[in-house]
Amino acid sequence: GVQAVMLGGLRKGAASTSKVVICFLAMLFQASSSISPLPAKIFWQKIARVPRFRLGSHRRAPTPRAGTQNKQADITIVGLGPSRPQSITEEALATIESSRKFFARTREHPALARFSGMPMEPTVFDDIYDSSKDFSEVYEAIAEKIVTFAEKLKSDGRSSAAGVVYGVPGDPTVAEATVGQIFRIATQRGLRVRVVSGVSFIEPVLAAVGTDILPRLLVLDALDISGRYYPPLPTATPLLITQLYRREIASEVKLALEAMFDETHKIAIVHDAGGTEELIEWIPLYELDHDPQNRIGLRTALFVPPQIVGDPSTPEGVAVVPGFEDAVELAFQKAVDDGFDPDLEMDEGDSIEIFSDPPPDENAGQSLVDASRQLADCIARSSRENTVLEDMQREEEALTDAFGTVLAEVLVQFAQAREAGLVGDKRITDVIYSACYHLQADDRSSYS
């Protein structure tokens with residue numbers, strides 16, 4: 001039945017192709033309950049056997065931040081830097097000193113010690129954190145208080161050039177939810193908002209682990225990936241995870257990451273990056289939530305480098321474990337390489353065969369059907385009881401390799417269908433969207 005759905009789906013377009021993906025995922029997770037986890041490299045062996053991948057670099061021109069060019073503002077949001085008082089910029093300091101009222105999100109930032117006992121000592125919002133368990137409510141309440149006070153100053157005619165000044169850790173536009181709320185509410189009420197940039201937590205964390213933000217870096221909130229069975233992370237991209245402020249959150253993040261990374265994968269916990277108590281702990285992933293010294297806190301971040309496979313002492317060397325995006329790129333490369341002759345010259349009125357011999361109507365999807373049969377056989381063998389460790393390990397590797405073969409065939413078949421115009425302008429994202437739709441449906445017993 002799975003084989004019939006796969007073959008029929010490839011001939012019906014993107015929506016049906018997603019059903020092939022569903023069948024594949026269903027078999028994958030059913031089988032995963034009976035086999036032990038394997039290194040990611042085995043799963044991808046049938047998708048790519050090359051040590052490096054061509055990953056394009058697409059850069060977008062920066063857009064100016066709303067309100068940053070206007071020196072006259074009703075609300076000015078300043079970055080206080082990552083940790084030490086010395087990390088506050090001169091512009092931020094001058095803005096604070098000229099303000100009528102200075103607020104700060106939390107007293108837990110070390111840079112605020114600089115203003116202790118001075119006229120510009122800030123009003124903080126830690127009481128709101130203490131009285132609420134929902135962060136979204138906290139951010140909304142803080143934003144509302146800032147905007148309301150700015151409105152009052154403006155109506156009383158007591159506003160300064162900077163207006164109300166609100167200080168946040170790091171940079172106002174990096175991982176600061178209250179800033180977006182302030183922009184939204186202030187815009188609705190006709191108030192002007194200006195941003196004074198600061199040094200974010202990203203720079204000192206990267207300096208601590210000795211790496212650069214390029215060619216790529218993914219910054220994530222720990223709360224967004226904790227509790228997920230499979231986090232939305234590209235394994236070939238370094239990860240920087242913030243909001244890792246409690247051991248319980250670290251435990252949930254660890255479980256999520258172990259769905260993609262080997263438990264012995266080395267990660268870096270960075271405490272107080274850029275501060276006087278900066279500490280970097282390189283540990284295996286499974287120790288993330290151990291924290292015997294109780295160091296995890298508000299200024300703790302997690303850096304996860306890409307997972308590497310191979311032996312540096314061999315001629316092949318090491319390579320980054322590829323992710324789903326790499327598999328899609330290779331599938332389209334293969335579809336183009338197999339289906340088109342780039343040197344072919346055509347005269348007007350000539351036709352061109354999209355696929356190489358034999359034509360698609362004779363064997364379209366046959367390789368996928370063959371791969372799915374092999375996968376079904378592997379699943380059947382793995383379902384039998386086997387007490388010999390070597391046989392179990394051999395069957396686990398064979399089953400994982402069979403899943404990789406089917407996934408590779410699904411991606412190549414869709415790529416060929418798109419190159420041939422069989423699915424119009426549909427993209428791989430349309431297939432994934434359709435797959436998610438079917439996975440969320442109440443009745444997934446049939447995909448016909």
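What follows is a working chat about one predicted model of a protein chain.

Q: How many helices and strands are in the protein chain?
A: This is a predicted model, and the secondary structure of the protein chain comes to 15 helices and 12 strands.

Q: What share of the residues is buried?
A: Of the 448 residues in the protein chain, buried ones make up 44%. As for the surface, the protein chain exposes about 24600 Å², and carbon and sulfur atoms supply 50% of that area.

Q: And what share of the contacts comes from residues 24 or more positions apart?
A: Among contacts in the protein chain with a separation of 6 or more, residues 24 or more positions apart account for 67%.

Q: Which residues of the largest nonpolar core touch the most other members?
A: That core has 24 residues, and the ones touching the most other members are Ile 75, Ile 77, Ile 146, Tyr 166 and Ile 182. The elements that give two or more residues to this core are β1 (75–79), α6 (135–156), β4, α7 (177–188) and β5 (193–196).

Q: Which element gives the largest share?
A: The largest share of this core comes from α6, with eight residues. Apart from this core lies another one, of 22 residues, which includes Leu 244, Ala 250, Leu 257 and Ile 269.

Q: Let's turn to α10. Which of its residues are buried?
A: In helix α10, which covers residues 247–257, the buried residues are Ile 249, Ala 250, Val 253, Lys 254, Ala 256 and Leu 257. They cover an arc of only 160° around the axis, so they lie on the same side of α10.

Q: What do they pack against?
A: The buried residues of α10 pack against α9 (222–225), β7 (239–242) and β10 (300–304).

Q: Changing topic, how many aromatic pairs are there?
A: The count comes to eight aromatic pairs. One of them joins Phe 103 and Phe 125, whose ring centres are 5.5 Å apart and whose planes are at 15°, so the pair is stacked.

Q: Where do those two sit in the chain?
A: The pair links distant parts of the chain, with Phe 103 in strand β2 (residues 101–104) and Phe 125 in the loop between β3 (123–124) and α5 (126–131), 22 residues apart.

Q: Are they buried or exposed?
A: Phe 103 counts as buried at 6% relative accessibility, and Phe 125 is buried as well, with a relative accessible area of 3%.

Q: What kind of aromatic pair do Phe 125 and Tyr 166 form?
A: Phe 125 and Tyr 166 form an edge-to-face pair, at 6.4 Å centre to centre and with 70° between the planes. This pair also links distant parts of the chain, since Phe 125 is in the loop between β3 and α5 while Tyr 166 is in strand β4 (residues 164–168), 41 residues apart. Both Phe 125 and Tyr 166 are buried.

Q: Which residues form the aromatic cluster?
A: Phe 103, Phe 125, Phe 149 and Tyr 166 form one aromatic cluster.

Q: And what lies over the face of Phe 103?
A: Lys 101 lies over the face of Phe 103, at 5.5 Å from the ring centre.

Q: Last one: where is Thr 237, and what does it touch?
A: Thr 237 is found in the loop between α9 and β7, and Thr 237 is buried, with a relative accessible area of 10%. Leaving out residues up to four places away in sequence, Thr 237 touches Arg 216, Leu 217, Leu 218, Val 304 and Pro 306.

Note on methods:
Residues numbered from 1 in each chain as written. Predicted model: local features only at pLDDT ≥ 70, side-chain atom pairs only at ≥ 80, totals over all residues. Heavy atoms only, no water. Buried < 20%, exposed > 50% of the residue type's maximum accessible area, 1.4 Å probe, protein only. Helix = DSSP H or I, 4+ residues; strand = E, 2+ residues; numbered from the N terminus. Arc of directions from axis to C-beta. Contact = heavy atoms within 4.5 Å. Phe/Tyr/Trp six-rings, centres within 6.5 Å; stacked < 30°, edge-to-face > 60°. Lys NZ or Arg CZ within 6 Å of the ring centre and 35° of its normal. Core = buried A, V, L, I, M, F, W, Y, C linked by side-chain atoms within 4.5 Å. Areas by Shrake-Rupley, 256 points an atom, 1.4 Å probe, with all protein chains shown as cover.
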